[in-house]
Structure formats: structure tokens, C-alpha cells
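Please examine the model shown below.

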Amino acid sequence: MGPSHGMRQRYAGLDAWADGEILDALWAGQAAAIAALHPVLPELARIAQAIAARLARGGRLVYAGAGTSGALARFDGIELPGTFGIRPEQIRFLTAGGLAAFDHLSNAAEDDAAAGLRELAALGPGPGDAVLAVAASGATPYTLAIAGAAHAAGAYTAAVVCRPDTPLAAACADRVVLASGEEVVEGSTRLAAGTAQKAALNLISTLVGIRLGGVHGDMMVGMPPTNAKLVVRATGMVARIAAVPADAARMALNAAGGDVRLAVLLARGAETDLARATLHATGGNLRMALARLDPDGPHSDPDRTSTGRS
């Protein structure tokens, strides 16, 4: 009996188990999927660094995937402008079946390699762009076609897969293999594999946002305050970082048109033109901008405790 068969025997009769037993098995699978990320943190960091470098130069990040993987990829990417202030036109999506796939996932669309090639060609990818291809199996024809063509066009390509030695991993410049383990429900990659992929995408995109200056300390300073709740949050960030009262922070935020980073510099006394130019020169990095404008002042989060990290 091979190891795979042994694992499957473990879940024999699953449907007849008590609810608590089923949930315990599912929970264990989810926990193992999350644990699988720790050994591959260096690969995740390398991918995030490559993506951030291209976005910083005005390039695009293209998420590509089908089925559950495509849905997870799109959900990750659509949050980046609102979380980190990345320009929406820099985040693009290639999803098998298009937006209709979010009403009904089409397994047939996963096999349509020609559609993937057409959709990628419409974007016109080049060396300044990055393509993040996501597929649990590492062999989805739609996603594989996109990755291969993007690589041939000179774009940076990275694969997020859950199996070793897959065609998608081989087609990309970088790859991360998530050892999410056997699924409790055989073949249902929305479970452990999906959890591992979602967590991996979270880590990659959050590190990208941090490296692009969207985070100062633990605060989302790149966040555009587009509703009342976010205006309150943005005002609090300005007050905390600039060490000014809430009224002064609110005035600075209004003067900055809602830009938290610019508002911090204004609240610290910088002239608008100089503040804008300094942020531009530092690529939107607030810590670096503060250091340029006030070389002798404190530039870390005032609430940060000593952790040995800078």
C-alpha cells in the first residue's frame, strides 16, 4: 500500500462520522495548510520583492488563475488599491471564464488555453510587468498558457502551486510550492490547497504593499479614506504619526486631499510643494520622507516597542 492510499484510507467512511469528528479532520487539514507556508517564506519574499520593484517603476501586476485559484487571486488583488494605495490600473486580472466565473465556476474554462493567450495578448505584457500565476495542480491549461506567453514576452513570472515538479512551476521564473497535504475531501482544492494559496497571496501582496510605502509602522498610510470610517482611521494615523491633536490632523488631512502620508508631512510643518516633492523622491515612503525633512527627529512609530527590528 503506497503512502497516498494510506492517507486516503484515513478518511474512509468520512460521511458517516460524527459532525465533530468531520470538523476536527477539516480543521487539522487547514492547520497543516497554514503551517506549510513557514518553510517557504524566503520564496514568498523573493516573489514579493520582484513584484514590488516592477510596480515601483510603474509596471503592472497581473494575477492569473482558474477556478478556486483564480477567485482567490482576484480577491487578493482587488484589495490592494484600497489597502495600500496602489493605483488600480496597475493591478490586472486574467480569470478563466471571466467575471461570469464568480457566479458559476466553470471547470471547462480551465482547459481553454487559447482564451488565456488571447486575454494576455490584449494586455500587452512586457519586461516591466509581473504575472502571478496560481494553480493548486500546477497544470491548469489556461493558467499555464498565460505563464508561458508572459515569460516569453519578458515579463517576470511567478507560480504559486501545491505540487512539486509541475509544468506551471517550470514555466515561471520563480515559484513557491505549498506542501498543503492531502485533502480530507479528495480533490477538493478549495480546502487545504485553497487555504494555503490564500495565505500565500496575503503574505506576498502585504509585503509588496509594505515595500511600496503603503505601511508606516503597523499603519496603512497608503489607504485612501473613501468613507466615513476610513476618514476617522486616517485622521487617527496622522495624529499618531505626526504627534498632533485630532483637530490639527483633520485639517492636515483635508489640505492633503485625503493623502495620509502627505498630511503627516503637512502636520509636521512642511510646505505643500516640498512635502509632495519629498514623497515623490522617496517613492512614497513616509519614513524616508520624514528623515529627509527632519534628519534629527524621530521617524519610527511612536508606539513601537523595541523588538530588535528597524
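The accessible surface of the chain comes to about 15100 Å², and 56% of this area belongs to carbon and sulfur atoms. Such areas come from the Shrake-Rupley method with a 1.4 Å probe; for residues, only the protein chains shown count as cover. This is a predicted model, in which local features need pLDDT of at least 70 and side-chain atom pairs count only at pLDDT 80 or more, while totals for chains, interfaces and linings use all residues. Residues are numbered from 1 along each chain as its sequence is written, and side-chain values use heavy atoms, with hydrogens and water left out.

The chain has 14 helices and five strands; these are DSSP runs numbered from the N terminus, helices being H or I of at least four residues and strands E of at least two. Of the 310 residues, 47% count as buried, that is, under 20% relative accessible area (1.4 Å probe, protein chains only).

Gly29, Gln30, Ala33 and Ile34 in helix α2 meet Ala192, Thr195, Ala196 and Ala199 in helix α9, where contact means heavy atoms within 4.5 Å.

A search of the whole structure finds zero disulfides, a disulfide being a pair of cysteine sulfur atoms within 2.5 Å.

| Cysteine | Relative accessible area | State |
|---|---|---|
| Cysteine 162 | 13% | buried |
| Cysteine 172 | 4% | buried |

Notes: Buried means under 20% relative accessible area, exposed over 50%, partly exposed in between (1.4 Å probe, protein chains only).
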